[in-house]
Amino acid sequence: AYTAPDKMAVNGHFASVGQNGDANFENGVQVIDEDKEFNPDLAKYLNYSGVSHAGFNYHLISVFGSQSTGKSTLLNALFSTDFSVMSESERRQTTKGIWLAKNKSASTKMAANILVMDVEGTDGRERGEDQDFERKSSLFALATSEVLMVNIWEHQVGLYQGANMGLLKTVFEVNLQLFLKDRKSTSRSLLYFVIRDFLGTTPLQNLRNTLMQDLGRIWSSLSKPPGLEKSSIDDYFDFAFTALPHKLYQPEQFKAEVAKMATRFNEGRRDPRRDALLGEFEGGIFLSEYHRRIPADGFSHYAEGIWDQIVNNKDLDLPTQQELLAQFRCDEIMREVIVGFDVAISPLETQQAEATRMGKPEVIAGLGAATKAARLEAIRNFETEASRYHKGVYQRKRTELESKIDTRLKALFASQLTAAHKDGVQQFSDAVSAAVKAGQKKGASYDFAEIVKEQKESAIHRFESHAKEAVIEGLPWSNYKQEMTLYRKDLDKVSGQLRRDEMRRLATRVERWVRSKLNDSVGLEFNALGSGRGGSAAPENGDRPSERETWDRIWALFTSTVQEAEKRFADRAASFDASADEVDVGIWRLRRKSWGVLRSKIDEEMMEGNLLLKLRENFEDKFRYDEAGVPRIWRPTDDIEGIYTKARESTLTLIPLLARFRLSETGAPPPLDRWIGPTPATATAADEEDLTPIGGVDEDEGKSLEEETTILNEAKRQDLTVRFKKAADGVYVEAKRSAIGGMTQ
Ligand code: GDP
Ligand code: MG
C-alpha cells in the first residue's frame with residue numbers, strides 16, 4: 001500500500017522518498033502520506049542522514065498549526081531544511097501528511113541530530129472535516145516527539161474558539177489517552193508556542209498569560225478518564241514561547257529573531273529560579289525528561305508500529321510497543337552480531353569437522369585466542385546496540401545470544417580437547433617406542449621406566465598447554481579437569497601396554513640366552529655319550545653309572561639355567577616398575593618356553609642319524625678301549641666275542657634310557673608340571689596365545705607327562721636297535737679280521 005511517487009508531486013518537486021536513491025532525500029522524507037500510509041523509507045532516510053547510529057543522541061520536534069501560517073517557512077529558516085512552502089502566486093493547498101527532515105543548519109549552538117516533523121493539513125476544523133487526521137497525527141507526534149511547536153498568529157491569541165484551540169484540545173485529549181497507560185514513565189512534553197506577526201505593542205508576557213488562561217480553560221473542560229480527574233496540565237506539559245515579527249514586513253528583524261530562536265534548540269536544564277510551569281530553561285529547551293528513549297536505529301520500526309496502531313484505531317499502548325520494538329531490534333542486532341561471529345568461527349568449525357571426518361582430529365593453534373576474541377566482540381557489539389532497548393527484553397536476548405554462541409564454542413572446545421587427547425596419546429606412544437629403539441641401537445641398556453616417566457611428563461604438559469589455551473575464563477563449562485583425568489588414565493593404559501611390549505622384548509632376549517646356554521651344555525652332555533665314558537660328569541675312575549644319570553644332569557642343567565634366566569628377567573622387569581603379577585606371568589612363560597627350547601634341543605640330538613652315530617661311538621669306545629682307556633690291539637687269543645657282547649649290551653642299554661626323560665632316582669619323569677606351576681591368575685589370553693601346549697601340564701591337551709617326556713617311541717627304538725646292532729656287528733667283524741690278520745703277518 002505504498003503511494004506511487006507521482007501522487008506526491010508537491011510544488012514542482014518530486015517528493016519521492018528514496019526509491020530512486022539518496023538524492024531524493026533532499027527534501028526529507030514523507031513519513032505519513034496523504035493516504036495515511038506509513039513510508040518505511042524512513043529507516044533509509046535516518047541512515048542517509050547519519051542518525052541511525054546516534055543511539056539516544058537525537059531530538060524530535062513536531063510542528064502543528066493552521067495551514068499557511070508560515071510553518072514550513074519558519075522551519076526552513078531555523079533548520080536549513082527544504083520543506084515545501086506555498087508559493088505567493090499559487091496559494092494552493094499543500095499536501096496533507098507528515099514530513100520529516102534533519103536539521104541542516106551549521107550552527108554550533110544547536111544540539112546534534114535534530115529531526116523535525118512538519119505536520120501538514122491540520123486546517124480542516126472550520127470546514128468540519130478531517131478531524132480524524134488531526135487526531136491521528138497528534139497522537140503520532142506525542143508518542144514520538146519531545147517538543148510540539150504550535151504556530152499561531154498574534155491576532156488569534158485570546159480567540160478561544162479559534163482553530164488552534166481546537167487543535168490543542170485534541171492534543172490534550174490524546175495525551176491523556178496515551179499516558180494513562182504509561183503512568184510510570186512520567187513522560188513530559190514541551191509545548192512551544194511561536195507567535196507570528198508579532199507587532200510588539202502587546203508585551204509577550206501578556207500574550208503568554210492569555211494563552212495560559214485559555215489552555216487552563218481547555219484543560220478543565222476535558223472529560224478526564226477515571227483516576228485522572230484531578231490531574232493538571234503541568235503534570236504533562238512544559239511551556240515555552242517565542243514571538244517573531246512579520247517575515248515580509250520586517251525581514252531583518254525576522255531573521256535576527258529566528259537566529260536567536262535557533263539557539264534554544266539545544267540540550268538544557270530547567271531553570272530552578274524561574275517559573276517551572278512556564279518552563280524557563282538554562283541552556284536549551286531539550287530536557288532529557290522529554291526524550292521518548294527510542295534508540296535511533298529502532299525509531300523507524302517503532303514509528304511504523306505506532307502508526308499502525310493509530311491508523312487502525314487500536315488502543316495505543318506505548319510500553320507494549322517498546323517491548324515489541326525491543327524484541328524486533330534485539331533479534332535483528334543478534335543476527336548481525338552472529339554474522340560477524342560466523343566470520344571468525346565458521347572456518348574453525350569447518351576445519352575441525354573436516355579433520356574429524358578424516359579420522360584425524362586436529363589441534364587448532366590459537367583456538368582459544370580466536371574464540372575468546374570472537375565471543376567478546378559479539379557480546380560487546382550486542383551490548384552496545386541492544387542495551388538501549390527495554391531492559392527485560394535485552395537481558396533475555398543477551399542470554400539467548402550467549403547460549404547460541406556458547407553452544408558452538410563448547411563444541412569447538414570439546415573437539416580441541418579430543419584432538420589434544422588423541423594426539424597426545426599417539427605422540428607419547430611413538431616417543432617411547434622411538435626412545436626404546438634408539439636405546440636398543442646403541443646396545444647399551446636403557447632405562448625403560450625413565451623413558452616412560454619423561455615422555456609422560458611431556459605428554460601431560462603438552463595436553464595441558466593446549467587445553468589451557470582453549471579455556472575461556474568465567475564459563476563454568478570451559479574447564480578440562482575431567483578430560484585431564486581421562487587423559488592420564490589413557491596414558492597409563494598405553495604405558496601399561498608399552499611395558500608389556502617391553503616385557504616381551506625382555507622375555508625374548510632372555511629366551512635367546514636360555515637357548516644358547518642349553519645348546520652348549522646339553523650338546524656337551526650328548527657328546528659325552530659318544531665317548532662312552534659317561535660324559536662330562538663322569539667319575540675319573542672310569543665307572544659308567546653316569547650314563548644312567550644323563551637325564552638327571554640335563555634336568556639339573558636345565559633348571560639351573562632357567563633359574564638364572566629368571567633372575568635376570570625379574571631384576572630387569574623390576575627396573576621398569578613391572579608388577580609382581582606381571583613378573584610372575586613372565587616367569588611362567590619363560591619356563592614353558594624354555595622347556596620347549598630344551599625339548600627341541602633334545603629332539604635335534606635324538607635325530608636318527610645323530611643318535612646312531614652316538615651309539616656307535618659309544619660302543620666303539622667301549623669295545624676298542626680297555627678299562628684304562630688304552631686302545632686294544634686284537635690278538636687271536638683275545639676274547640673278542642666276550643668283549644664285543646659286553647660292549648654291545650652296555651650300549652644297548654642306552655636306547656631305552658634315552659628313549660624316555662626319566663630321573664634315575666625315581667624312574668619317573670621330571671616334575672615338569674610342578675616346576676612350571678599352574679597358570680597365573682593374572683595371565684591374559686594374549687599371554688597364553690603363543691604358547692605350545694605341554695603334555696601333563698596342560699590338562700586339556702590329552703597328553704600325559706609320560707608322553708611329553710617320551711623321546712623315542714617303540715618303533716623308533718626297535719629300528720634303532722636293529723641298525724645299531726648291524727653297525728656293531730660290522731665293527732666286530734672288522735676286529736675279528738684284524739686279529740687274524742695280525743697273526744698272519
Ligand atoms: P504553512 O502552510 O504553515 O507551512 O505555511 P508556508 O510556510 O507554506 O507559508 C504560507 C504563506 O505564508 C506563504 O505565502 C509565505 O510567504 C507566507 N509567510 C511566511 N512567513 C510569513 C510571516 O512571517 N508572516 C506572514 N504574514 N506570512 C508569512
Ligand atoms: Mg507547510
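Two residues are in contact when heavy atoms of theirs lie within 4.5 Å of each other. The model is predicted. Its chain has 745 residues, of which 48% are buried, and its secondary structure consists of 22 helices and 11 strands. Among contacts with a separation of 6 or more, 75% join residues 24 or more positions apart.

- Met149 sits in strand S7, which spans residues 147-153.
- Met149 has a relative accessibility of 1%, so it counts as buried, the limit being under 20%.
- Phe64 is 85 residues from Met149 along the chain, yet their C-alpha atoms are separated by 6.0 Å.
- The largest nonpolar core holds 211 residues, and Met149, Phe172, Phe265 and Phe623 are the members that touch the most others.
- Helix H12 (residues 481-531) supplies the largest share of this core, with 15 residues.
- Phe172, not counting residues up to four places away in sequence, touches Leu191, Leu215, Ile218, Trp219, Leu222, Ile233 and Phe237.
- In soluble globular proteins, nonpolar side chains tend to be buried together.

**Gly268 in strand S10**

- Strand S10 covers residues 268-270 and includes Gly268.
- With 19% relative accessibility, Gly268 counts as buried, because buried means under 20%.
- Apart from neighbours within four places in sequence, Gly268 is in contact with Glu282, Gly283, Gly284, Phe286 and Leu287.

- Thr371 belongs to helix H9, residues 367-386.
- The relative accessible area of Thr371 is 3%, so Thr371 is buried.
- Ile345, Leu409, Leu412 and Ile472 are in contact with Thr371, leaving aside its neighbours within four places in sequence.
- The axes of H9 and H10 are 11 Å apart, and the two helices pack at an angle of about 170°.
- H9 is therefore roughly antiparallel to H10, as angles over 145 degrees count as such.
- On the H9 side the contact is made by Leu367, Thr371, Arg375, Ala378, Ile379, Phe382, Glu383 and Ala386.
- On the H10 side the contact residues are Tyr394, Lys397, Arg398, Leu401, Glu402, Ile405, Asp406, Leu409, Leu412 and Gln416.
- By type, the residues of the contact of H9 with H10 are 10 nonpolar, two polar and six charged.

**H10 with H11**

- Helix H10 (residues 391-442) and helix H11 (residues 448-470) have axes that come within 9 Å and cross at roughly 160°.
- This angle makes H10 roughly antiparallel to H11.
- The crossing of the two helices is right-handed.
- H10 contributes residues including Phe413, Gln416, Leu417, Ala420, His421 and Gly424 to this contact.
- Among the H11 residues that they meet are Phe448, Ile451, Val452, Gln455, Lys456 and Arg462.
- The residues of the contact of H10 with H11 divide into 15 nonpolar, six polar and two charged.

Key:
Residues are numbered from 1 along each chain as its sequence is written. Chains are lettered from A and ligands numbered from 1 in the order in which they are written. This is a predicted model: local features need pLDDT of at least 70, side-chain atom pairs count only at pLDDT 80 or more; totals for chains, interfaces and linings use all residues. Side-chain values use heavy atoms; hydrogens and water are left out. Helices (H or I, at least four residues) and strands (E, at least two) are DSSP runs, numbered from the N terminus. Buried means under 20% relative accessible area, exposed over 50%, partly exposed in between (1.4 Å probe, protein chains only). Axes are lines fitted to C-alpha atoms, for helices over the stretch in contact, and angles run from 0 to 180 degrees between N-to-C directions. Angles under 35 degrees count as roughly parallel, over 145 as roughly antiparallel, 65 to 115 as roughly perpendicular and the rest as oblique. A crossing is left-handed if the near helix is turned anticlockwise from the far one by less than a right angle, and right-handed if clockwise. Ala, Val, Leu, Ile, Met, Phe, Trp, Tyr, Cys and Pro count as nonpolar, Asp, Glu, Lys and Arg as charged, and the others, Gly among them, as polar. A nonpolar core is a set of buried Ala, Val, Leu, Ile, Met, Phe, Trp, Tyr and Cys residues joined through side-chain atoms within 4.5 Å.
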